[in-house]
Amino acid sequence: MAAGLGWALALRRREEPFLLLAAGVVLAAVALVPLMFLGGELGKGDALRHAAHALSAPRTWALFVSSLGFATAVTVLCLAIGLPLGLLLGRADVPLRRVALWLHAFPVFVPPFLLALGWFHVFGRGGLAASTLGARLLFSWPGAVAVLALALTPVVTSLVAVGLQAIDPSLEEAALLVAGPRRTAAGILLPLVRPATALAALVVFSLAFSELGVPMFLRVPVYPGMVFSRLGGVDYAPGEAFALALPLFAVAVGLLLFERRAAGRRSFAVLGLRSREVPDLRLGHWRPVAIVFTAAAALLPVAPLAALVIDAARGHGFSELAQWIGASAWNSLFDALMAATLVLALSVVIGHAAARGRRGGVGLDALAVLAFVTPASVLGVGLIATWNRPSLQGVYGTSAIVALAFAARYGAVGLRTAAVSFSQGSEHYEEAAAIGGARFLRRLGRILVPIHARGLLAAWLLAVVFCLRDLETAVLLYPAGQEPLTVRIFTLEANGPGSVVAALSCVQVAMTAAVLAVGSALLFRRKA
Amino acid sequence: MASGALACRSRSREVVVYLSIDQVFTEPILRDFERQSGVKVRAVFDTEETKSTGVLNRIIAEARSPQADVFWSGDPVRPQLLVKRGLVRAYLSPEAAAIPPAFKAADGTWTGGAARARLLLVNKTRVKPEEMPRSVRDLADRRWKGQTAIANPLFGTTTMHVAALADAWGDDALKSFLTQLKANGCRIASSNGEVKRLVASGEVAFGLADTDDAAEALHDGAPIEVVYPDQDGMGTLLMPTAVVSLAGPHTEEARRLVDYLLSVPAEQKLVDVAAHIPLRADVKPAAGGKRASEIKTMQIDYAKVAGTMERLQPWLRDWAGL
Amino acid sequence: MSTSIQLDGVTVLRQGRKVLDDVSLAIPASETLSLLGSSGSGKTTLLRVVAGFVAPHLGVVRLGDALVTERGRIVLAPEERDVAMVFQDLALWPHLTVHGNLAFGLDGKKVPRTERDDRIAAILARVGLSGKERRHPGELSGGERQRVAIARALVLDPRAVLFDEPLSNLDVGLKQELLALFRELLGERRATALYVTHDPREAQALGDRTAVLDEGRIVHLGRIDDLRSRPDLPFARMILEALG
C-alpha cells in the first residue's frame, strides 16, 4: 500500500518524463518494435546469407542510386516551382491568392496513384488530350518525375507561403527601404524561410523516395519496388526485405541531419498563423507573367481530377456508386479520425518535448521520421508480426490496427506540426504556470493546449488527411470486410467498371475536400 | 457504428475470406451467400497489382494467429505454397464430386472452380486480320518491337504463366524467351488490368492477359480481338480458380462457404459476369464463350508449377530489375 | 510566510562557457534584493536557477531550510517551490481572463471557491483593476497588464517573488508609478523578493540591497551608494553615471 502510494507520488512529481516515456513506448510499439521483429527474421534459415547477397549485388546499389536520383529530381522540381510560387502566393500582389493556393495545394491530399490515373485519363491514348508523344512521355522517367512533382509541389508552396507570413514584418520593411521588392524577396525573404524550405524538401524527398504507386504505374523501377518484391512476390522473405530497407533508414538519418543543418536551431520554428499588416510586394511589369504562372500552378494539378470527374459522369459511374461504395467511405473516415486523434495525443507530448529540446524528444522525433520514410509494406509486415497474436485480437482483428499503423506512418506529420506550434509560443507561458503550482498535465490541459489550439488542430487535420489518402499502409492490415475507400478504389480498379472507379475516386476527393473545408473553417475562425 | 467497426472478430455466424479474384466479380457472389446462409462474410480482396503485398503473403504473415477461414484463389498454384507451409485445413466438399479430377486435389487441400485462360488481347486498329499473333512467342517477335505488353511476372497470374512455360519448355528456353521479350521492348505493366488498358487504348498492339480482362475490354467497347494462343501447339494455359479451406477460427461457416463457392449458382455467376470458362458440366458457358473441353489446354502439374515458380523468383527479379 | 533564499557556489555552464561562476548569495526573509547587471551577465539565468527552471552544474539552492536544487539536479520542481515570478514579457495567458489568470494558481492549491474569489477581488482592488476581471489580457493597456502580472504573482501569497525585468519596456512615468506600487505591495506582505534589472535606478528604488553581476560573478553586494567609494571599478563608474 505504502509502496503503491510512493509510486503514485513519484508519478505525479514526474508527470512530464513519465508522459513522454508513455508516448515513447506507444511510438516504439508501433514503429520500432515491428522493425525489430523484421530484423529478427534475418536470423532465420538462410535469410542472412540471402540478405548479404542482395545487399552486395551491384544491381541493388544501381537501383538505389537511381531512386535517389529520382527523388532528388522530384525535390528539385518541387523547389523550383514551389519556392517562387510560395513567394508569389504568400507575399506578392497577385489576385485571388488564397483561392489559387487552395486549388494548388489540394492534390497533395489525394492519393498519388489517383493523380497518375487521372493523368492517364488526360494524356494516355483515348484520353482527353491524347497524343503519342504525351503518352510516351507520361510512361517514362521524366513523366513519373513530373507527375509526382506536381503532386508534391504544394508541400513546398504552402510551407514557404505560410513561413513568409510568420516573418517579422520589420525585417522586410528594413530591406524595402534600401532595395526593391525583387532584391528583398531574393536576398531577405527567401533566406529567412530557409527552415520552411528545408522541412519542405525533407517531406518531399521522403514522400518521393518511398513512393511506390506512381513509379510502378508509370513503369519506372525504384528501390522501394525492390524491397516490396521481397514481400509481394512468391518467395515471401521479410528478413531480406528488412535488410534491403536498411539503406532507406540510412537515407532517413541523412535527411534528418540535412534538415537540422539547413534549418539550424530554428528547425521547428517554421509555421505561423499570425496575421500581418504589411503591404504586398509589388511585382511591377512582372505581374502579368506572375499571374499566368500562378494560374497555371493552380489549375494544372486540378486537371487529372477533372478528367476523373468527366470520366465518371460520361460512364454513369455516379449512378452505380451506391452499389459499390459499401461502408468504405465511413471506414476511411473512422480509421482516419481514430488515427489522427492518437497522433494528436502523441504529438502534444512528443512535439512539446522535441520543441523544448527535452531529453528523448529529439530521439522520438527521429524515430517518427524514420517510420515515415520506411516503405509501407515493410512497416506493415512488421506490424503484423508484432500485433497478430491470439491475445491481441482486440487490436489486430479490428480497425484499431489500422489506426496504430497510421499513427506509426504519419506520426511525424502531426508531431512536426505540433512541435512547430509549440516552438513559436513563448516558453514563459508554461513556466508561469509551473511557478504558479501547476504540474505538467495541468499545464498541458489548461495552458499549452488552449494556447496552441490552432496549431494542434492543424496537426490533427493534417494527420486526418494523410490517413485518408493512405493506401499502402491500410491495404496490408485492414480487418476483413472493413476496407477504407482508397483500398476499395484500388481493388476495384482491376477489371472494375472504369467509370465507377472514377466516381469512387471523386467521392474520395470530395470527402477529403469536405474534411479540409470543415477543418479550415475551425482553423481560421475568428476568435470570439 | 463505431462499436461495429471495433467489434471483435470472434463474432459467431461470420466467415473471413481472402480473395485473389477481382472484387468486381466476386463481391456479388459473396452477397448471395450472405443472403442465403445468414452468415456474414468479411472479405479481404487482392488486385494482383504490385502495390499490395497480396493476400497470399498476408495469410503467410498472419500464420501465427490465422485470420482467414477461406482463400478463394485466382489459380491453384498459389495455394500449393500454403499447403507446403501447413496453413491449409483440407476439406473434401460434397460439391467437388462434379469437378473433373484434373482440376482438384484428391486430398481436399484445394478444389477448382470456373477457370480463366491466358489470352492474347489484340488491338484491331493496330493489327491487320492477316497479321494476328497466334502464339505467346509472338510477343518476342521483332516485327512487334516495342508494341507488346505483359504484366510483371513477379506478381499475379503472369508468375504462374511463366512457371508453366518453364515446365513446358525447360528453364533455359524460358529465360531466353524472356530475355528476347525485353530486348524487343515489350512493356512490363504492373498488372493484367493495365495490359488491357494499354491494348484497349492502342498504346501497344497486343498483350498477354486473362479471360476476364478480355471480357471487360469487350464490354467497354474496346476494339479488341481475343486470341487463344498456341492452339496448334502446346495449347493455351487454363487456370481454374481454387477454393481452399484455411485454419481460421470459423470452421463450420468456412465449410458452408466452400460448398457454396463450388456450387452451380456460384460458378454460373462467375462464368456470366467474369467470362470465366466453366469446369462443371452442369454450368452453361457464357454467350459466345467456350467450355474447358473445347480448348486445347496445356497439361499442368500444379504442385510442380508451384515449385518452379519459387525456383524462378531470383532470376525473374534480376530480369525485372528489382 | 516569506522565506530566505540561499545560493551556494552555483555554477552554470552553457556550451563550455560559465554563465554563472561560483555564485553565492543569501537573501534573508522579507528582504528585497535587486540584481543588477548588463545583458548577458547571467542575471536571468540566476533567477531561473532559483525558480527551478535551470539545474546548475555545481552548487546548491535552498529556500528556507529546504534544499531545492543541488548540483545537476532539481530536487523540488518549480511547481512545488511556492515561489512566484513576474516575467519580462509578463506571460499572461491570452486565452484566460484576468480572473482566470489569477484563479489558475489558486485552483491548483485547492483554495475554496469563495475564498479564491475574495482573494482575487482584494488583490485586484489593491492594484486598481477592480471591474476588469472578465477582460482578456489583449484588451488591457500595457500598465494594466503589468498590474495583472504582479497581482497574479502575489495572489498566491508565495514564499518569495522573482521579478525578471518586468518594467524594461515602459515609459518613465509608468515605470515610476509601478515601482512605487511594487514597493508598497512587497512591503505590506513582507515578501522576500529578487528583482532582476539592468537599470540602476530601478535597483536603487526597489532593493534593500543590490547585487551586481558581471560575467557570471557577483562583483558587489550591498547598498548601491556604497559604490561611490569605489570609483576605480569600471562597472561602478558606469552605474554611478547612469544614476546621475
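Buried area is the accessible area, found with a 1.4 Å probe, that two parts lose on being put together, summed over both. Keep that idea handy for this predicted model, where local features need pLDDT of at least 70, side-chain atom pairs count only at pLDDT 80 or more, and totals for chains, interfaces and linings use all residues. Residues are numbered from 1 along each chain as its sequence is written, chains are lettered from A and ligands numbered from 1 in the order in which they are written, and side-chain values use heavy atoms, leaving out hydrogens and water.

Let's look at chain C. Its domain assignment gives domain 1 (1-82 + 163-244) and domain 2 (90-157), with bounds that come from an automatic or database domain assignment. Taken over C-alpha atoms, the centres of these two domains of chain C are 25 Å apart. Their contact (heavy atoms within 4.5 Å) takes 14 residues from domain 1 and 10 residues from domain 2.

So how much area is buried between domain 1 and domain 2 of chain C? It's about 1200 Å², and carbon and sulfur atoms give 61% of that. On the domain 1 side, Leu181(C), Leu185(C) and Arg189(C) supply 37% of the area buried against domain 2, more than any other three residues.

Charges meet here too. The rule finds 4 salt bridges across this interface, each being a side-chain nitrogen of Lys or Arg within 4 Å of a carboxyl oxygen of Asp or Glu. Lys109(C) forms a salt bridge with Asp82(C), and their closest N and O atoms are 3.0 Å apart.
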